[in-house]
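Please look through the model below with me before reading my points.

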Amino acid sequence: LLIEGVLSKARNLSSIDPYRRRQTLTKRAYLVLLLSFINLVLGLATGFDLFYRLVYILLLILAISFLWNKISLWKVETNVERRATMAQVGDTINERIWIHNPAWLPKIWLEVEDFSDLPGHASGRILTLPGKSFRSWRVDTVCTHRGLYTLGPIKVFSGDPFGLFQKERIFPGTHRLLVYPRTVSYTHLRA
């Protein structure tokens, strides 16, 4: 029953579209649009120039945030180095996650997360990545439960400085890990 649940999770993860990208508006973006509309109505009703200027500023902030978010994950690449395919309960598995920015534009806010169903596996990071650079980190996870687990895929999440738009990109690539029960040697057995 446990293995069937793990296999169904793995099938769901493998059905994720390769290099899927998703961009969403936050509640703040809807608030900026609402404030722009209210200021436009007030400007039309009163003829006061301040309301028109506020509309221009709010729409300019919205446009800059949209463009910033469009390029926030542009050319970002990830790579994961995983070696273990089998382990025992109590063993430590290692992986190294690389994130590379070949573009000259810096990536100010990136959140990297590994979709893994291995208990205790925490490989996420929030980082800033200058232009034409990379970062890597090592993740050590102690296997605490037996079973078949899936490591990956990697999700990179970003947004604009005002928090109006958010964008995520999923990099495919999964790795299966089979964790066996701990074996114990009995040297003092008497027949």
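1. Strands (E, at least two residues) and helices (H or I, at least four) are DSSP runs numbered from the N terminus.

2. Please keep in mind that this is a predicted model, in which local features need pLDDT of at least 70 and side-chain atom pairs count only at pLDDT 80 or more, while totals for chains, interfaces and linings use all residues. Residues are numbered from 1 along each chain as its sequence is written, and side-chain values use heavy atoms, with hydrogens and water left out.

3. Strand S4 belongs to an open sheet of 3 strands in the order S2-S4-S7, with antiparallel pairing, where two strands pair if DSSP finds at least two bridges between them. The edge strands are S2 and S7, each of which pairs on one side only.

4. Looking at the bridges themselves, S2 and S4 run antiparallel and are joined by 6 of them; Thr78 has Ile99 of S4 as its bridge partner, and Arg82 has Glu95 of S4. On the other pairing, S4 and strand S7 (residues 133-142) share 10 bridges, also in the antiparallel sense, and Thr92 is partnered there by Val142 of S7.

5. The largest pocket has a volume of about 200 Å³. A pocket is an open set of points on a 1 Å grid over the protein atoms alone, with protein on both sides within 12 Å along at least five of seven lines, and lining residues have an atom within 4 Å of a point; the volume is the space filled by probe spheres set on the points. Of the 14 lining residues, Thr78, Asn79, Val80, Phe171 and Pro172 lie nearest the centre, and strand S2 gives the most to the lining, with 5 residues.

6. The second largest pocket holds about 170 Å³ of space, and its lining includes Trp68, Leu105, Trp109 and Asp160. Helix H3 (49-71), strand S5 (107-114) and strand S9 (154-159) each supply at least two lining residues, with S5 giving the most, 3 residues.

Note on methods. On a 1 Å grid over the protein atoms alone, a cavity is a set of points where a 1.4 Å probe fits but cannot get out, and a pocket is an open set with protein on both sides within 12 Å along at least five of seven lines; lining residues have an atom within 4 Å of a point.
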